[in-house]
Amino acid sequence: MSALLDNLSRPSPTIWLEVAPPRGINCESLLSKLGLLRGHVDAINLTDNALGQVKLSGLVFASMIKSRLGLPVVLNFSCRDRNRLALKSDLLGAAALGIDGVVAITGDKLNRHAAGAVGGGASVARDLDAIGLLQVIRDLNRGDTGEGKRLLKTLPALAAGAVANPNRASSERELELLARKAEAGARFVITQPVFERERAMAFVGRARTYNIKVVLGILPVKREAMANYLSDRVTDLSGARDHFQRYAGLSESEARELSMRENLELMEALASEVAGFNIMSGGGPSLSSELAIEFSRRSASRV
């Protein structure tokens, strides 16, 4: 069992912080901010050109985090931007660098602005979906490249994960997909952000039957404008619109205070039920880092 999967099996929940790599090649500012989280988070979860926005290679930035900060890294792999050969090549690179976990995702659809910036749909190279990619990871872990050849040297096994959305109206469809991902080799699942204990518990209860560890997404809301954007523009969170409406008319300080208080209450209520929490940055790591540190301190005080 990898150290990452071992942490997901411990009694107390593991804490991951989801961040996007930098937009350019200047990494020092973000590396400094992430360095402050040592001792408070168990891993950094790096997104992969989320929402079709170009960022520094996650594989390169993951290597920097590992070498400079010594923090474990869980790296998202999107099928949208790479063909099968490129995905296999990058997965081998992740294994060689000692990346702790990889998350197979099909990839967000490009919005019109992002698609226009790269020439329509020209950037979409999807010949695998998340389930197909999980099967590729499983084969590589066995030493099989899929071209009738074996790897010349055994590499550390990649801990494979998937994503799921507890907020969907069709929960049965989402759980059916999760079952297929678990069958394809997923050992853990990172969810879209949850805001209600009952919805989270319903999902966790079903996911347990698939023998898959659940890392619940937690998303701090910084301001009313962010809540409006999430409600109006992010389809995957349409089931949480009632939650976002609570930020209407709040100042930024009031919004941050409300989000911190409610997320801490939710995490503490679910701490004994889940393998971990993936705290999402939502465009910047300041409030998510604050939430991670505060939850870590509260957890340490109870030990």
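**Exercise 1. State how strands S1 and S2 pair, and over how many bridges.**

Solution. Strand S1 covers residues 14-19 and strand S2 covers residues 43-46; the two pair in the parallel sense over 4 bridges. Helices (H or I, at least four residues) and strands (E, at least two) are DSSP runs, numbered from the N terminus, and two strands pair if DSSP finds at least two bridges between them. Within this pairing, Trp-16 stands opposite Ala-43 in S2.

A note on the model: it is predicted, so local features need pLDDT of at least 70 and side-chain atom pairs count only at pLDDT 80 or more, while totals for chains, interfaces and linings use all residues. Residues are numbered from 1 along each chain as its sequence is written, and side-chain values use heavy atoms, with hydrogens and water left out.

**Exercise 2. Find where the model should not be read in detail.**

Solution. Start with pLDDT, the predictor's confidence in each residue, from 0 to 100. Its mean over the chain is 89, and 90% of the residues reach 70 or more. Next, look at residues 113-122, where pLDDT stays under 50. For this stretch the model has 6 contacts (heavy atoms within 4.5 Å) beyond four places in sequence. Where pLDDT is low, the predicted coordinates should not be read in detail.

**Exercise 3. Decide whether the residues of S8 are buried or exposed.**

Solution. Buried means under 20% relative accessible area, exposed over 50%, and partly exposed in between (1.4 Å probe, protein chains only). In S8, 5 of its 5 residues are buried. In a regular strand the side chains alternate between the two faces of the sheet. On one side of S8 are Gly-276, Asn-278 and Met-280, and on the other Phe-277 and Ile-279; both faces are covered.

**Exercise 4. Describe how H11 and H12 pack.**

Solution. Axes are lines fitted to C-alpha atoms, for helices over the stretch in contact, and angles run from 0 to 180 degrees between N-to-C directions. The two helices pack at about 40 degrees, with axes 11 Å apart. H11 and H12 are therefore oblique to each other, because angles under 35 degrees count as roughly parallel, over 145 as roughly antiparallel, 65 to 115 as roughly perpendicular and the rest as oblique. The contact includes Met-260 and Leu-264 of H11 and Leu-291 and Phe-295 of H12.

**Exercise 5. Explain why Leu-56 counts as buried, and list its contacts.**

Solution. Leu-56 lies in the loop between S2 and helix H3 (58-69). Leu-56 counts as buried because its relative accessibility is 17%. Not counting residues up to four places away in sequence, Leu-56 touches Pro-21, Pro-22, Gly-24, Cys-27 and Phe-61.
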